[in-house]
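Biologist: Hi! Could you walk me through this one?

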Amino acid sequence: MNWKGHTILGIIFGLPFISSPEQIFLVLAGALYPDLDHDVKEDIVKRGLLISGGIVFINILLYFFDKKLFNIELFILGVSVFLIYLIPYFSEHRGLTHTFWSLIFVSSILGYLSYKLSFISSVFAGLISLLMVTNEALLGRIMMYAIFAWAVLDILNLKLGVSGLYHYILPVAFGYLSHIFGDTMTPAGVRAFYPVSNYKMKKKEGYLILILWILAVLYFWRGMILSII
Ligand SMILES: [Zn+2]
């Protein structure tokens, strides 16, 4: 599946888990991250390794030369973001980035990073997440979809009622899930439990993901559904 398919599917999967329009950037970051293992995305991965590696390196220097300025939280975050890029750097196409383990790890780290950045601005936080997984050309292409989705969300004015850290983790996670779902629908399938299991998930398992997604939507919106009934 190409970037366009994953973008549209990401918006559909993420829409019910969004409370404010700028979270669409988080959904798209989750939906586009797995394909960073593609050779054509090497520039994005290398840029990410360089920036996060730089943050880690500066923190190590501070630890040895000026401990007062050393920030353990920033250090752990830098190492985690470095790992986010290291996975696609070494992974073969549809390898580790297309697994549920990666979904949990990446959405937790990206969600946490956005949560921290949201103290500056939540729009800025979402935008940074999206910039982390795109280059100039890709960003330009998907922006059209992002802005359209933003407008739809503004009209719908949904209020999921999820706050704090989960406000940032959930959109990335469901965007990510949409990517795994999308790839199960292709003939090549996805080994989503690799390396624990090499079982290739295809259409049949894809429908199972779809059912789980529907159940998640019903669970998160149970209050609203019950009030209508
Ligand atoms: Zn993929």
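Modeller: Happy to. One term to begin with: buried means under 20% relative accessible area, exposed over 50%, and partly exposed in between (1.4 Å probe, protein chains only). This is a predicted model, where local features need pLDDT of at least 70, side-chain atom pairs count only at pLDDT 80 or more, and totals for chains, interfaces and linings use all residues. Residues are numbered from 1 along each chain as its sequence is written, and side-chain values use heavy atoms, leaving out hydrogens and water.

Biologist: Which residues of H9 are buried?

Modeller: Glu205, Gly206, Ile209, Trp213, Ala216 and Val217. They sit on the same side of H9 because they cover an arc of only 135° around the axis, taken from the directions from the helix axis to the C-beta atoms. Helices here are DSSP runs (H or I, at least four residues), numbered from the N terminus.

Biologist: And what's on the face turned away?

Modeller: The exposed residues Lys204 and Leu208.

Biologist: What do the buried ones pack against?

Modeller: Helix H1 (3-14), helix H5 (100-117) and helix H8 (166-184), with contact meaning heavy atoms within 4.5 Å.

Biologist: Switching to the metal: which protein donors does the zinc ion have?

Modeller: Asp35 (OD), His98 (NE2), His179 (NE2) and Asp183 (OD), at 2.1 to 2.2 Å. Donors are N, O and S atoms within 2.8 Å of the metal (3.2 Å for Na, K and Ca); water is not among the atoms, so sites may look incomplete.

Biologist: Where do Asp35 and Asp183 sit in the chain?

Modeller: Asp35 is in the loop between helix H2 (24-32) and helix H3 (42-65), and Asp183 is in helix H8, 148 residues apart.

Biologist: Are those two buried or exposed?

Modeller: Both Asp35 and Asp183 are buried.

Key
Helices (H or I, at least four residues) and strands (E, at least two) are DSSP runs, numbered from the N terminus.
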